[in-house]
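Hi everyone, thanks for making time this morning. I'd like to walk you through one structure, so please have a look at it while I talk.

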Amino acid sequence: MNNTKTYKVAVVGYGKMGRIRAACIASYPQLKLVAVNDPQYKGQVDGIPAVDDYRKLMDHAPDIVFVCVPNKFVPDMVCFFLDKGVHVFCEKP
């Protein structure tokens, strides 16, 4: 990772794993959490912009997206962000 660049990061799914990933992101000065997506949040959560539709994360121009949702939602979300040229971190099969 280039230490002089700050990478904008978004998290899809702000439940238990999404919050764990957000805490990890916060521990790296090269990463900045710019937005989260979770259907139960809109506006802000924990001081972070929150959107209720994962596609709206693109309004925040993320470089990297962490996908932290149940398996049945993963393929569409991962493909959406990859098609937009965003790097994706996803633990799901």
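This is a predicted model: local features need pLDDT of at least 70, side-chain atom pairs count only at pLDDT 80 or more; totals for chains, interfaces and linings use all residues.

Residues are numbered from 1 along each chain as its sequence is written, and side-chain values use heavy atoms, with hydrogens and water left out.

Let's begin inside. In soluble globular proteins, nonpolar side chains tend to be buried together. By a nonpolar core I mean a set of buried Ala, Val, Leu, Ile, Met, Phe, Trp, Tyr and Cys residues joined through side-chain atoms within 4.5 Å. Buried is under 20% relative accessible area, exposed is over 50%, and partly exposed is in between, using a 1.4 Å probe and protein chains only. The largest nonpolar core here has 16 residues, and V11, Y14, I25, L33, V36 and F66 have the most contacts inside it. Two or more residues of this core come from each of β1 (7–12), α1 (16–26), β2 (31–37), β4 (48–51) and β5 (64–67). Those labels are DSSP runs numbered from the N terminus: helices are H or I with at least four residues, strands E with at least two. There is also a second, separate core of 15 residues, and A10, Y54, V65 and V86 are among them.

Let me pick out Y14. Which residues does Y14 touch, leaving aside those up to four places away in sequence? They are R19, A22, V36, N37, D38, Y41, V45, D46 and I48, where a contact is heavy atoms within 4.5 Å.

Now to α1. Its buried residues are G18, R21, A22 and I25. They sit on the same side of α1, because they cover an arc of only 105 degrees around the axis; that arc is taken from the directions from the helix axis to the C-beta atoms. These buried residues pack against β1, β2, β5 and β6.

That brings us to β5 and β6. Strand β6 covers residues 87–90 and pairs with β5 in the parallel sense over four bridges; pairing requires at least two DSSP bridges between the strands. In β6, H87 is the residue opposite I64. With helix α2 (residues 74–83), the two strands make a right-handed β-α-β unit. Right-handed means that, with the strands pointing away from the viewer, the path from the first strand over the helix to the second runs clockwise.

Next, the backbone. Most residues other than glycine have a negative phi, and most peptide bonds are trans. D46 is not a glycine, yet has a positive phi of about 55 degrees. D46 lies in the loop between β3 (43–45) and β4, and is exposed at 53% relative accessible area. A61 also has a positive phi, near 50 degrees. A61 is in the loop between β4 and β5 and is partly exposed at 38%.

Thanks, everyone!
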